[in-house]
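I opened the notebook to write down, entry by entry, what I looked up in this structure.

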Amino acid sequence: SRMSEAVSKLREGLGDQDALLTREYLESLERDSQVLAAEVSKLMHTLQSSLHTLSAFTMRDMTALKVSTDTVSDTAEDAVRQMHEFLNKVQQLDRDMKPMYLMASQVKDIKRILDTFETQMTKLEKKRAAEERERGHHH
């Protein structure tokens, strides 16, 4: 698996203890990412359902507008009620989007942590390579 390959590559430049900590860290990060992906999938399903409902309301409102030319009084009341439903659904969609902003922030945090981790690993690899060169020159 990619995780095993990544850990093997890291282990070449790290001691067993460091490699174990790195593997645990990566596995934890992978689990967190999977949970986040499941939450995003669930939210996307909710959003899809809301958009479908909004589309249905829009079509119904257009039909109500056409009928209102014949029956202004009755249809006007119905259109007002439907518009309230539509606005309520839009407000619900706005509430449903709030977790998406939090998840976007969490994704940014994970990316920042991964970038920092990658930078530290690169520095460690360069340091170890320099130490190897130093040992090579002394022998």
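I began with Ser 33, which I found in helix α2; helices here are DSSP runs (H or I, at least four residues), strands are runs of E of at least two, and both are numbered from the N terminus. Ser 33 has a relative accessibility of 30%, so I noted the residue as partly exposed, the rule being that buried means under 20% relative accessible area, exposed means over 50%, and partly exposed lies in between (1.4 Å probe, protein chains only). I then looked across to Gln 106, which is 73 residues from Ser 33 along the chain, and found their C-alpha atoms separated by 9.6 Å.

Before going on, I wrote down that this is a predicted model, in which local features need pLDDT of at least 70 and side-chain atom pairs count only at pLDDT 80 or more, while totals for chains, interfaces and linings use all residues. I also noted that residues are numbered from 1 along each chain as its sequence is written, and that side-chain values use heavy atoms, with hydrogens and water left out.

My next entry concerns confidence, given as pLDDT (the predictor's confidence in each residue, from 0 to 100). The protein averages a pLDDT of 82, and 81% of the residues score at least 70. Confidence is lowest in helix α1 (residues 2–13), with a mean of 56, and highest in helix α3 (residues 72–138), with 88.

For the whole chain, I recorded 3 helices and 0 strands, which follow the pattern α-α-α along the sequence. Buried residues make up 18% of the 139 residues. Of the contacts with a separation of 6 or more, 75% are between residues 24 or more positions apart.

I turned last to the salt bridges (a side-chain nitrogen of Lys or Arg within 4 Å of a carboxyl oxygen of Asp or Glu), and the count by this rule is 6. Which residues does Arg 81 pair with? One partner is Asp 78, at 2.4 Å from N to O, and another is Glu 85, with the closest N and O atoms 2.7 Å apart. Arg 81 and Asp 78 both lie in helix α3, 3 residues apart, about one turn of the helix. Because Arg 81 and Glu 85 are 4 residues apart in helix α3, about one helical turn separates them. I noted Arg 81 as partly exposed at 40% relative accessibility, Asp 78 as partly exposed at 26%, and Glu 85 as partly exposed at 27%. Together with Arg 60, these residues are linked in a network of salt bridges.

How values were computed:
Contact means heavy atoms within 4.5 Å.
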